[in-house]
Amino acid sequence: MNKIRLIISREYLTRVKKKSFLLTTLLVPLVMVGFYAAIIAISLKGSDEKQQIAVIDESKIFDKEIHSTDKSISFVIIKNETEQSFIKKYKEQGFQALLSIVPATTKDTSSSNKMKFVLHSESSVSLSTMNAIEELINNTLRTKELIANGIDPIAFDNIEKNVLLENIIDTQEGSKKSNAGITYAVSFACGILIYMMMIFYGTQVMRGVTEEKTNRIAEVVVSSVKPFQLMMGKIIGIGAVGLTQFAIWLVLLFMMQMAIPFIFPDLLQQANNAAINNQENTVMIADIMQGISALPLTKIILSFLFYFLGGYLTYASLFAAVGSVVSEDQQEAQQLVFPILMPIILGFVIMTKAINDPNSSLAVFGSIFPLTSPIVMMGRITSDIPIWQLALSMILLIGCFFFFTWITGKIYRIGILMYGKKPTWKEMIKWAFAK
Amino acid sequence: MDILSLHELKKYFATQKAVDNISFNISEGSIFGLLGPNGAGKTTLLRMITGIFYPDSGEIIFNGKKFDPLNDAINIGYMPEERGLYKKMKIGEQVLYLARLKGMSKTDAMAQIKKWFVKFEMESWWDKKVEDLSKGMSQKLQFVTTVIHQPKLIILDEPFSGLDPVNANLIKDEIFNLAKNGSTIIFSTHRMEQVEEICDHIVLVNKGKKILDGTISNVKQDFKENVYRLGAAISPELLTKELFEVVKHQPEQLLLKLNTQKTSNEVLQYFIQEGVHIQSFNEVLPTLNDIFLTLVENNGVTRKFQPVN
């Protein structure tokens, strides 16, 4: 027992002491927060560039001036020119694009199809600009039609309804407002994080084993300890590195979130301005806050820890077995790793489905089947999972871990001292079930 | 007293009888040579003695008791033929780690490491990594990691490969030293001149079977062919067929093989009577190399893959 602790601490310390560990551990949250801040900054600022769009309005749908709702886009109506004549000139005159509205040639009954709308530009126009122009035309045309039919446009706006449906979750602690977007995002983030960590740390185990084998240190070490102790020491040590990294990230992310207002003092200001200008934003922020508080956070964190450990341990032993049978040739390793990655990827695919429909039979199966359950269960975690499913899934995962460790331990024991030819699957299965 | 006894050890792999019914004893404090051509089963045998492999059948008695790989690890030091160390780990930490894996306490291990690092002038290596060392240097380091926990039984598989003569002598002296202080050394090699120089007792294995077992002088006596070297200038007419056959005749010496029933004294008497001026006369014993080649070549050196029943 003492020896396995020595192995664990070596595996752990050599990795944690490395500069690259420190670098990735610190850089990842920095990059994430930076990314997050950049998105906020960009979305608040909008595009700096003013766009001027020339309009040739042969159908005469606009009056003398066009009032744009988007401040960054302005429209100028060009007179005494045709689409064909102006198309060569709009760029020289400082316009980014040319909108031409001409009567449609084909006979059609609906009003918008009586005209043809074309936007000429030198490079493709951004989606938001397209949307702004479409909205402008739609509104103008609608107002015209309403007036033509004798309806007051202001009265019409008042009649139009925009219903918002609220989902309230009733628990013993009281009612909470749910937010489907937040639920989706948290489920997806948990699933993808487990998926990435399982592959990342699993590969680390595999590389570590192959390194020991090709360096021939394995032979020295297994003359002091059992091969199984060496394998488990490595798996547990690397798992502890994963947990450490995860814990540091949580702390750092929390700290960075607190620090954002100090780093970008004007960001909050801008957010406030935006909120004043547009009420929807404040509503959205409040919704997000309520959505997060409505989530069963303790359950999510505990399940995340369990499924990360369970999934990692189950797959790590498989990765260790693969690492023990290959030699320096990385291509061999890739061939053997593929069948291990398959269920992980399958789990990922089921997870994306399970988020949308957490109680479908595929999602339930995927979250109980131990090879996919760590990822799929995280995709369902924000929904209400029956206790029996959670319990069955956990028991099966633990059982699967013991079974895999038992058989891969045997493959590892033989593989680590075998050099030369890569064993076939048949041989490996024979080792696994040999006495 | 025997520190290690092997009784009818067997280990069969799918296509080979790697070790087939081998028994021998090694007495405490001796330097024991385990010889054999490539693929004879030496490494498999050593792996069973170090507890890495379990024998299919047979028994290993270590230090008077049945061999228990887990608890006897502290008493065994094993240096495999293919050297292995963590390339990226600092040398000091690495030796400490390997010593503690054997079961040493941290303080004991540090004291021993200091002693050996001073002895081999390796003090400046502590914070270096193995990848910074030359082949010879890492060989020395590997030797230190093998003996650091003062094992009763030290198993060295080709310890001199890659060492220059200076460092080879350094290691050789240490091997003698360790044996003098009571450690038993199993020395596995196919370099016969080193065996003749170092070992007391040898066992030769080939194709998984033991084909020779004895002390070096006994083995040589068993395989001698009654060949003598006579240092003298002898004219051809003196060569008689009655006493001996000429193996080689050179201006200053004669190699002769005694005929059966004849003794060396009779030969000497004959040449003295003939008035030959004799400068030297001695028996030529076969070298281990010769014995090795005779034994192994008769059996066919290359192992064939054969199915095991």
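Q: How many residues does the hairpin between β1(B) and β2(B) run through?

A: Keep in mind that this is a predicted model. For a hairpin, look at what sits between two paired strands. Here β1(B) is joined to β2(B) by a hairpin through four residues. Strand β1 covers residues 2-12 of chain B and strand β2 covers residues 17-27; they run antiparallel, with eight bridges joining them.

Q: Which other strand pairs with β1(B), and in what sense?

A: Follow the bridges again. In a regular strand the side chains alternate between the two faces of the sheet. As for the pairing, β1(B) also goes with strand β4 (residues 57-62) of chain B, in the antiparallel sense and over five bridges. A handy landmark is B:Lys10, which stands opposite B:Ser57 in β4(B).

Q: Moving to helices, at what angle do α13 and α15 of chain A cross?

A: Take the two axes and ask how closely they come and how they cross. For α13 (residues 361-368) and α15 (residues 387-415) of chain A, the axes come within 8 Å and cross at roughly 40°. That angle is why α13(A) counts as oblique to α15(A). On the α13(A) side, A:Val364, A:Ser367 and A:Ile368 do the meeting; on the α15(A) side, they meet A:Gln389, A:Leu392, A:Ser393 and A:Leu396. By class, the contact has four nonpolar residues, three polar ones and no charged ones.

Q: How many residues does each chain put into the contact between A and B?

A: The size of an interface is often given as the accessible area lost when the parts come together. Counting residues is another way in: chain A brings 16 and chain B brings 19. On the chain A side, α1 (2-16) and α7 (217-221) each supply at least two residues. The most comes from α7(A), with five residues. Sorted by class, that side of chain A has eight nonpolar, four polar and four charged residues.

Q: Last one: where are the domains of chain B?

A: Start with the bounds, then look at the spacing. Domain 1 spans 2-221 and domain 2 spans 225-284. Taken over C-alpha atoms, the centres of these two domains of chain B are separated by 45 Å.

Notes. Residues numbered from 1 in each chain as written. Chains lettered and ligands numbered in written order. Predicted model: local features only at pLDDT ≥ 70, side-chain atom pairs only at ≥ 80, totals over all residues. Contact = placed C-beta atoms within 7 Å. Nonpolar A, V, L, I, M, F, W, Y, C, P; charged D, E, K, R; others polar. Domains from an automatic or database assignment. Axes fitted to C-alpha atoms, helices over the stretch in contact; angles between N-to-C directions. Parallel < 35°, antiparallel > 145°, perpendicular 65-115°, else oblique. Pairing = 2+ DSSP bridges.
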